[in-house]
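Here is a short briefing on a protein model and its ligand. Look over the structure first, then read the points below.

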Amino acid sequence: MSKSQERSTSSATSTPNNNTSDDLHNVSDTFYTSQRKGSHVFRVRLDASGFTLQRESPSGVTIKEQTVKICDIVGARCMRLKKSPRSLTRCACVNPGTPAAAAAAASHRKTGTPSRCSTASKEDYGACDGGDGSAYLYLFAYVLKKKSLRSTLHRERTVLTLRFRSFDTFEDNMREADRWYRALRWQLHHTLEPTFVERLDEARRRRILVMLNPKSGSGNAREVFNMHVAPVLNEAEVPYDLYVTKHSNYAIEFMGNRRLDDWCTILSVGGDGLFHEIINGLLRRPDWSQVLDSIALAIIPCGSGNGLARSIAHGYNEPYFSNPVLGAALTAISGRSSPLDVVRVQLESRVMFSFLSIGWGLISDVDIESECIRMFGYQRFTIWTLYRLANLRTYNGKISYLLADEATEPHAGHAAQSEQLLKMPSSRSCNMHIDKLSNATSYRRSTEYLPSEFEDVISLETSINQSFRSRCDSWLSGGSRRSCYYSISESVYHSLADESEFTQPSTATVTGLETSQLSFGPSSSLPALDEPLPAADGWLVEEGEFVMMHAVYQSHLGIDCHFAPKAQLNDGKIYLVLIRGGISRPHLLSFLYNMSTGTHLPEKNNDYVKVLQVRAFRLEPHDNHGIITVDGEQIEFGPLQAEILPGISRVMIPK
Ligand SMILES: Nc1ncnc2c1ncn2[C@@H]1O[C@H](COP(=O)(O)OP(=O)(O)OP(=O)(O)O)[C@@H](O)[C@H]1O
C-alpha cells in the first residue's frame, strides 16, 4: 500500500485531552483503502448505537452506510498482526520463497487454520510482518441476518477489522487502537444492568461459574462448551470457572455448600435436570435470599428436553433453531436478566423447588419410560408417545387448586428473610486451560459489507464454524506484546484434577437429600400436606380418572413442545392442564400433535381438557403406583402440593 493510500491522521478525532465524556467514548476516524481504481474512504464512528461504517466514493459521495449495533457486539481485541491470507503466505515461518514455504502457505489457505505465526513468539512477528508497525482492532459481533426473504433470522459471526498505521511506531499505532478499544468497552459496559457493574472490582464483575454435566443429552456437553461457548466468552473477555459434575446431585451439593461470591452468573451447561439441581442447591442455603439476589442463572441447552432455554429464547424473540447454543451463549453474557418464578413443591418427606413443570400421568410416563431409548435424542419422546397412546392408562386421584389472580403483576421481591452467609473454604483450582482445539475454521468474507480489496485497512468477516477462536487468548499471548493486558487466561478448568470434597458421591448426603425433610428456601403459605384445604379459602377440586395432569410455568417443556403459550418467566402463574379419562384417542392424538405449535389447548375448557391458571395446587393420587415428575425428573410417588414463588430468582435474557 502506498503512502497516499494510508489512513489520514488529520481526519481523526482529536486526542482525549480536555474532552467531555461523550467525546472520549464516541470515537470516529477516516480509513482509506487501496484498490486499482483509486482509493475509497470509510468514515467509521463508534457511539452508543454501535459501529457505523459510511463508505464514500473517491468523489466523496456516500455509497453505503452500515451499522453494527452495540447489542450485537460482544467484544474486541487489539493485535499486531493481521490474520489475512496474505499474512499467512508471508508468515510461513520458513525461508520465504522455498517450496516448503509455498506448501505451508497453500495449506493454511486451504484449511483456513491459523498460520504457525498465530502461536509464534513475539520476536517472530517482527520478522513475519516485515517490520510493519500497524496495529489492528478486531471487533466481534453476532449480527441478526436472514439468508433469504423466506428464511428465518439467524445470528452470523461478524469480525470488523480496523488497521491503524498513521504513526511511525507500532506502540503509537497500538495506543490509537487501544483508544478505540477502550471506547468500545465503555459503550458495552453501559449496556449492562447494575448487577453486573456494581460488583466489588473489575475482575469479579462479570465472572461466570460454569457447571457442566458431561452426561446430559447425547453426552457432548464438554465438546459443545469448548467449541461453541468458550470462544464467545473469550471474545467478550468474560472470565469463567468451569466445574464438570461427577455424579448426580453434584450441583446440589456444590451450590448448597460453596462460597459463591466470586461469581455473578451461574451458567448451567446441560439439560433441565442440571438446572433443577442448581436451583435446589441454591435454595438449600441459609443465605439463599442474598445469593438469588446477586447471582443470575443462565443455561446452555445440551440436554434432551431444554425447555427453559427454549422458553427464554421464545420470550425474547431470539432465534433458537439456527444455533441454540450460540444464542444461549450470547444470552449468558448479555448483561440483562429477568426475574424467574420458582415453584415450591411440598412432598410427604421433603421440600423441593421447580422452575419448569410438575407432571403426573401420560407426559411424565413418556418422559421417564423413554429413558431406555435415550440414544434417539429428542425423538425418543415422539416414539414413546405413540407407544403409550396405543396402550393408554388412566389414573385415579384428586386435584385441588387456588386460582391465580388474572391481573397478577410480576414482582421480583423475595418474601422470606435471609440469614448469615455460609462461609465455606474456596475451591481449589488446578489452573488448566481448555483443551486445545485442532479443527479448521472456515471464514467467509461478507461481500454484503465490503469488497475484498478493502481488506488492507478495514474488513468484515463472518464465520459459521468458530472453532479456532477458542484459543484466541493463547493466540494473543503468543502473538501480542500486550498479551498480559488483553489475555483472559484466568479462566480455569476445575474438573479433572480437583480432589475436592465432591470428588466421590457422598452417599449419606445424597440419600439425605432424597429422604429427609430439609427446611430451606422460603416457607410455605399453604396448610400442611396432611391437613384439609378449606373451600372458604378459595380451594376448588377436580376428582376422578385422569389421563394426565401437567403443571407448567414456562412456555416450552422442550424445544418442540410449546405447552403453555401464555406463560412468561415471571407471571406468577402455574398453568395446570388436566386431561380426564374417557377422552377419545383422536382427540388425545390431536392434543399431543398440536403441542409442538402451542395450538393444543382449547379456547374454552371442556369435559375432557381443562387449562387452569392457578397459584397453588395439591395432587392426591388414589392409586399407589404411577410416575410423578418435577422438571422432567422422576420423584417419589405420593401426594404433593405446590405454590408459586413469583420472581424469586433471576435468569439471563437476550439483549
Ligand atoms: N456426572 C454425572 N453423571 C451422571 N449423572 C449426572 C452427572 N451430572 C449430573 N447428572 C444427572 O443427570 C441428570 C440429567 O441431566 P441433564 O438435565 O443435564 O440432562 P438431560 O436429562 O439429558 O436433559 P433434560 O433434563 O433436558 O432432559 C441430572 O438430573 C443429574 O442428576
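Strand 7 (residues 153–164) is largely enclosed by the rest of the structure, because 9 of its 12 residues are buried. Buried means that 20 or more other C-beta atoms lie within 10 Å of a residue's own; exposed means 12 or fewer, partly exposed is in between, and C-beta atoms are placed from the backbone. The model is predicted: local features need pLDDT of at least 70, side-chain atom pairs count only at pLDDT 80 or more, and totals for chains, interfaces and linings use all residues. Residues are numbered from 1 along each chain as its sequence is written. Helices (H or I, at least four residues) and strands (E, at least two) are DSSP runs, numbered from the N terminus.

**Strands 6 and 7**

- Strand 6 (residues 135–146) pairs with strand 7 in the antiparallel sense, over 12 bridges. Two strands pair if DSSP finds at least two bridges between them.
- Leu137 has Leu162 in strand 7 as its bridge partner.
- A hairpin of 6 residues joins strand 6 to strand 7.

**The open sheet**

- Strands of a sheet pair through backbone hydrogen bonds, either parallel or antiparallel.
- An open sheet of 4 strands runs in the order 1-2-3-4, with antiparallel pairing.
- Strand 1 (27–33) and strand 4 (62–69) are its edge strands; each pairs on one side only.
- On average, neighbouring strands of this sheet are turned by 15° against each other, direction ignored.
- Strand 2 (residues 40–47) and strand 3 (residues 50–56) form 7 bridges in the antiparallel sense.
- Arg43 stands opposite Gln54 in strand 3.

- Helix 9 (residues 272–282) is largely enclosed by the rest of the structure, because 11 of its 11 residues are buried.
- Its buried residues include Asp272, Phe275, His276 and Glu277.
- The axes of helix 8 (residues 250–257) and helix 9 come within 7 Å and cross at roughly 30°. Helix 8 is therefore roughly parallel to helix 9. Axes are lines fitted to C-alpha atoms, for helices over the stretch in contact, and angles run from 0 to 180 degrees between N-to-C directions. Angles under 35 degrees count as roughly parallel, over 145 as roughly antiparallel, 65 to 115 as roughly perpendicular and the rest as oblique.

**Around the ligand**

- Helix 9 gives the most to the shell around the ligand, with 4 residues.
- The shell residues divide into 3 nonpolar, 15 polar and 5 charged. Ala, Val, Leu, Ile, Met, Phe, Trp, Tyr, Cys and Pro count as nonpolar, Asp, Glu, Lys and Arg as charged, and the others, Gly among them, as polar.
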